[in-house]
Amino acid sequence: MRAIDRRGWVYALMALLGFAALAAAGDGYALRIATLVGIYAIAAIGFQLVFGHLGLLALSQGAFFGIGAYALALATVELGVTPLPGLLIAVLVPALLGALVALPVARLESHYVALATLGLAQLALLLATNLEVLGGANGVYGVPPLTVLGVNLAEGWPMLVAVWLGVALALALGGWATAGRRGARLTTLRDAPLAAPALGLDPMGYRVGMFALAAGTAGLGGGLQALDLGVVSPAVLRFDVMVTLLAIAVVGGRGSGLGAVAAAALLVPLPELFRGFESGYLIVYGGAMLAAIVLLPRGLDGALARMVPRPAPIPPRQGTVPPRLGVALRVEGLSRRFGGVVALDGVSFTVPSGRIVGLIGANGSGKTTALNRISGLDRVGGGEMWLGKTRIDTLSPARRARLGLARGFQHPEIPADLSVFEVVVAAAPSGEAAMAALDRTGLIDRAREPAASLGPAARRGLDLARALATGPSVLLLDEPAAGLTAEERDRLSSLLRRLAREGRALLVVEHSMDFLLPLADRIICLDAGRVIAEGTADTVAADPAVRTAYLGREVVS
Amino acid sequence: MIEAIPQLLVNALALGSTYALAALGFVLVINAVGAVNFAHGELVMLGGFVAVGLAATLPETAVLPGLIVLPGVMLALAAVGLVLALIGYAPLRRAPPVSVFISTIAIGLIIQHAVTAGIGPEPRVGPPLIGTGSVELFGAVIARQQLATIAVAGLLLVAVHALLKHTRFGRRLRAAAQDPVMARAIGIPVVLTTAASFAMAGALAGAAGLMLSNQYFVAPTDGAVLMLKAYVATVIGGWGRVWGAALGAFAIAAFETVVAASVSYLVAEVLLYVGVLALLMLRPRGLFGEAEGRRA
């Protein structure tokens, strides 16, 4: 599934040049700087997992760096642990704390994440400065140098190599955590936050895992720094470390581990140019961050990707999606109010397996509200919903999706960074199943194209393919024919008929009567949140209440 | 302890009214652009330093030094607010909110360290509003600065209220905050209201900075904590609710004053953060929730 990414060669060449220059310069001072670059690069690679891949501005990464440094210093100085197992402690303590922090923080969005994590970082700084157990304002002195099998790696090339092995380890871990199907799912969770739950993706597990991984990586960086300096003070918990990591991530490019290494190599040596100028380098970091976010929103890695595009993964052969068939959707007394407006008022109906039920009604009659309630995106209001014998109205949208309820959207959220295949595989049990779904919607030949390059009709097809890839028994569709040409509508009609014939239950909201009436086995008409008519297409279309409420008022297209 | 109660009350009111000014500016920007201004604390801090600088130009004998420099500080910080909007927000209008978070973090960093590099990291004392000394009130000795702070900050709060509530400009500001797309469609110049929001946020932050700088000093590193407090006030008061944020600010100040007086300032600060974390755990969208604008 992996295609060769030629950007790797560019980065490898850059690294080679960097090390060659270092060997040529060769003085201890240059080696110290290069070691420091590696230490920050490790923590920044971890930060990319949360900031880049989850899209959460978690301002606690600097604190986890500091906690790693403290964990190592206290373990070695106070408990007499040797440095190598000390490093393990420096990774595990922040990782565990990261997972603990993530449990509440993972439920938050946007700036609340920033607030909560900033508060945590501030707490860590206050505690370290004021608790005597942690060394108080003076910190912890006398951290022993790193020794492996009796060989002292305290400084120079040995320490440099040890740190850069850590960089390689962090890159490998980050790459593993964001590769393939998991990477596509992370991108879907980040860029399609409404569609993701309807595809069965639950952000909690990913967020806790990524927080722990990011915090552990930060701890490795912090532990290595403690070994490198031999001393840890509360300064390591100051916001300066955090903004350095943020600047590296922003300049390197959202989510890119290698970009972060390149940005660390550019930014970390800067303070040395500003010696005797106190923290003047942070002005430059601020300027670099600002320039990057305005001029290069995708950072160095994004600029490189424009010259050497990331190749889309090579999709596997086509397989089959095992459908869960023969399950009906039943809705009993569904209701929903928005303030004083009654959007749904005791709506009941059944969509049997193998059938297509059309849901019609004027704008504002409650059609999309009904879909939102059934799929679980909206969990406020009364009524019972059953998927076969399972009552689903208390379940999360992701749980409902995993039980076989899929949904297409009127305005689908498609992650722009993914290929067509990746968009679908994020929702599929396997690559083969994703290809089968793409085949059904006629997009299989475009599997490697960027999803952003698709036109409106193809985006709809992609959204449907993604829903089908979950292997649903019940499929909810919101205006699937809107904006399609006559030919595309015919293809969609026959596809929907086939999907029903295979045993799925389809609920289709649609305005276009000449599309829906011949397609649907039954039609339900809503008006002001109530069912005013139900029956075959002919009887509903002829119903006088329907004609006044809906058909008569609106031009039948 | 009993005789200290009027003292504590005045302390809490004085601190609360300056926090309220800071929180008000913070919310105005949130409402105008839908994004958090992470440099807001630095604007408050800068207000303190501008006040120190301007006061140094006054003759030693000047009475009411703080009041004299107040308009100058507010004007200067309004200008800084405009520059912030121009550099940190305007180019990112169509970018996701996190881009604005980052650009304002960057600008805050630049302000903080430019001040450090220019003036040094030491805390400075700002000018008192109406001179030093104290008066006796209900048997308690109360600093004149405290009373003046309550009066001036109170006046500013009332002025902002009048501006938002009773002027055409205020109505436009509120309309643009509620629905920028619709506001633009009906001809409200959203660019102007946005710029005005940033300018007002700067001016109010400047006033808050001036008033804090006398009693609590001002240091270049103060920004982060001040921003967090404005942020916490906004979360307590209900996201985007202007007067909720002001109330939240008073709540924080009362809490801080009481805990600091009875235990220690450190414990007050720790408890504040722990409280906010607990609040976010229980109510992930703030105490009163946030208007949900998203649709499937």
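How many salt bridges does a search of the whole structure find over all chains? The search finds 21, a salt bridge being a side-chain nitrogen of Lys or Arg within 4 Å of a carboxyl oxygen of Asp or Glu.

1. Basis. This is a predicted model, in which local features need pLDDT of at least 70 and side-chain atom pairs count only at pLDDT 80 or more, while totals for chains, interfaces and linings use all residues. Residues are numbered from 1 along each chain as its sequence is written, chains are lettered from A and ligands numbered from 1 in the order in which they are written, and side-chain values use heavy atoms, with hydrogens and water left out.

2. A salt bridge in chain A. One of the pairs joins the side chains of Arg298(A) and Asp417(A), at 3.0 Å from N to O. Arg298(A) is in the loop between H13 and helix H14 (299-307) of chain A, and Asp417(A) is in the loop between strand S10 (405-407) and helix H17 (420-425) of chain A, so the pair ties together parts 119 residues apart in sequence. Helices (H or I, at least four residues) and strands (E, at least two) are DSSP runs, numbered from the N terminus.

3. The contact of chains A and B. Chain A gives 38 residues to the contact and chain B gives 42 residues; contact means heavy atoms within 4.5 Å. The two chains bury about 3,700 Å² between them, 81% of it on carbon and sulfur atoms. Buried area is the accessible area (1.4 Å probe) that two parts lose on being put together, summed over both. In chain A, the most area is lost to chain B by His111(A), Tyr112(A) and Leu115(A), together 18% of what that side buries.

4. Polar features of the interface. Between chain A and chain B the count of salt bridges is zero. The rule finds one residue pair in polar contact across the interface, both at pLDDT 80 or more. A polar contact is a pair of N or O atoms within 3.5 Å; within protein, one must be able to donate a hydrogen and the other to accept it, and residues adjacent in sequence count only if both atoms are side-chain atoms.

5. Elements at the interface. On the side of chain A that touches chain B, the elements giving two or more residues are helix H5 (110-130), helix H10 (239-252) and helix H13 (281-295) of chain A. H5(A) supplies the largest share, 13 residues.

6. The four-stranded sheet. Chain A has an open sheet with the order S6-S5-S8-S9 and antiparallel pairing; two strands pair if DSSP finds at least two bridges between them. Strand S6 (341-351) and strand S9 (390-391) of chain A are at the edges, each with a single partner strand, so one side of each is left without a neighbour in the sheet. S5(A) and S6(A) pair over seven bridges and form a hairpin with two residues between them, where Gly339(A) in the turn has a positive phi of about 60 degrees. Leu329(A) has Val351(A) in S6(A) as its bridge partner. Four bridges join strand S5 (residues 329-338) of chain A to strand S8 (residues 384-387) of chain A, and Arg330(A) stands opposite Trp386(A) in S8(A).

7. The six-stranded sheet. Another open sheet in chain A has the order S10-S11-S12-S7-S13-S14, with mixed pairing. S10 and strand S14 (530-535) of chain A stand at the edges, each with a single partner strand, so one side of each has no neighbour in the sheet. Five bridges join strand S13 (residues 522-527) of chain A to S14(A) in the antiparallel sense, with Glu534(A) in S14(A) as the bridge partner of Ile524(A).
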